[in-house]
Amino acid sequence: MKDNVSFADNNVVAHRGAFKANNLPENSIASLRHAIELKCTGSEFDVHMTADSVLVVFHDGHYNGLTIKESTYEELSKFRLSNGENLPTLRNYLLAGMKNNSSTGLVLEIKPSKDKAYNLKMTDKVLALVKELNAEPYIHSYISFGYDILKKIVEIDSSAKTQYLNGSKSPKELKNDGISGLDYHLSIFKKNPQWIKESKELGLTLNAWTVNKQEDLDWLLDNEFDYITTNEPELLFERIEKTPVNKGYRLVWSDEFNYKGKPDSTKWGYDYGFIANREEQYYTDSLKNARVEDGHLIIETHKETIANKDYNNPELLNKSWIKYAAERKTAKYTSARLVTRDLASWKYGRIEVRAKLPKGVGMWPAIWMLGENRKNVGWPESGEIDIMEHVGFNKDSIFGTVHTLAYNHTKNTQRGKSIFIDNPYDNFHVFALEWTPERMDFILDDQVYNTFENEKKTTAEWPFDQRFYLILNVAVGGMLGGQKGIDDSVFPQQMVVDYVRVFQQK
């Protein structure tokens, strides 16, 4: 036995042990041992008390048709787990967790009942057994849905690490009661994102349960949660390797679209009307064209006639590059173009957007950036970064491109490359840019497919040492998107954005 254990430097907590990959019983000693083999920082398990006051490890309150708190251990132990193990007692489980273990803490959940006296008696017995076995150094934390249980633990051992599971208490309330951290369902944090910052400021630990989807794991990693409880520890280890945080980035701006209605006006503005590139759509701020619903930003194109409010606008007619657009009396299509201009901009970092794309010939969705100095120096001197563009007539490719004074499409010298994309219309993909003073990497689902190096010449080649703002839009037709016409039968079409995240080096 070791006198102490140094918990592994990761945030992986195996839920009921690491059971899934090897088809082991949940809460078995075998699943605990596998969590230790994986070097998870924690392995979670559940504790109940039998009618004869034996502490057992099992999740549900019933075992093979018997109510645990109303049955003796002898009655329960007649039934074995699927791998042949006896129903583990807490004593045997703790001893197994202390053997040949130098990395994995025991995350001990005390399961409450409606009987407060039973809960407190069970809590007393748990702490007494942990002390008897000298297992304190192996206890990563005590967790429970029973607030009375956690307060009792703090009363007995103020140094014990505790986490509340229910989700009903604010960080401040937990802090005031001496509880060490939040271990809430993922949905609670999605509804109360401010609790993440508050918890960190108060020095509380952050954990979320039970998180198994890659996109949810990534969100928690990006937000630097201390722990993540999962049935998929192997997947979480993979995502830890991929997270920008692991590369020294910190999340500095995001929109997760966990609200309804108009896009957040503190983060997004709009461009209006006909813009450029001989595109056929008229950009609006209508909910029909841009809205947030079901956790996603929807940018939707419609085939509909709309009056051109800029018709015969002298200011626009004096600008030859949009004169053709201003002279149009009506548009046949509507869409939206969202911008962070004058609200948020960045110099260097990782910009990441998870989205599904609209389909059909004539569609031209884009995720891109323009330099803040565009009003002063014009395009292309200001620079343009096309993180993702797609055209509907080339349904299995996306491309990432850089435009500068020296390299741009008017000279056919733009620096861009394309990559195959699998089913961009039905599946979400992550489109990203990693931008440093030395280079830009264009990334699709963790794969770098285009790199633009800083040649260290002039701003004509590299105007990218300044702040850029972000643009999301779906165009119809235009010089690129309309090269093979427009299929009017496909409307309406949507670009569905799951999130936008911006990271910068710590």
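For the charge tally, Lys and Arg count as positive and Asp and Glu as negative, with His and the chain ends left out. On that basis, the protein chain of this predicted model carries 64 positive and 71 negative side chains. The centres of the two sets sit 2 Å apart.

Turning to the overall build, the protein chain has 14 helices and 28 strands. Its C-alpha trace spans about 90 × 50 × 45 Å along the principal axes. Of the 506 residues in the protein chain, 55% count as buried. As for how the protein chain contacts itself, take the contacts with a separation of 6 or more: residues 24 or more positions apart make up 66% of them.

Zooming in, E232 is worth a look. This residue belongs to the loop between β11 (227–230) and α10 (233–242). E232 has a relative accessibility of 19%, so it counts as buried; the cut-off for that label is under 20%. Leaving aside residues up to four places away in sequence, E232 touches K20 and N212. With K20 there is also a polar contact: the side chains of E232 and K20 are joined at 2.4 Å. In short, E232 is a buried residue in a loop, with its side chain in polar contact with that of K20.

Definitions and conventions:
Residues numbered from 1 in each chain as written. Predicted model: local features only at pLDDT ≥ 70, side-chain atom pairs only at ≥ 80, totals over all residues. Heavy atoms only, no water. Helix = DSSP H or I, 4+ residues; strand = E, 2+ residues; numbered from the N terminus. Buried < 20%, exposed > 50% of the residue type's maximum accessible area, 1.4 Å probe, protein only. Polar contact = N/O pair within 3.5 Å; in protein donor to acceptor, adjacent residues only side chain to side chain. Contact = heavy atoms within 4.5 Å. Charge placed at Lys NZ, Arg CZ, Asp CG, Glu CD.
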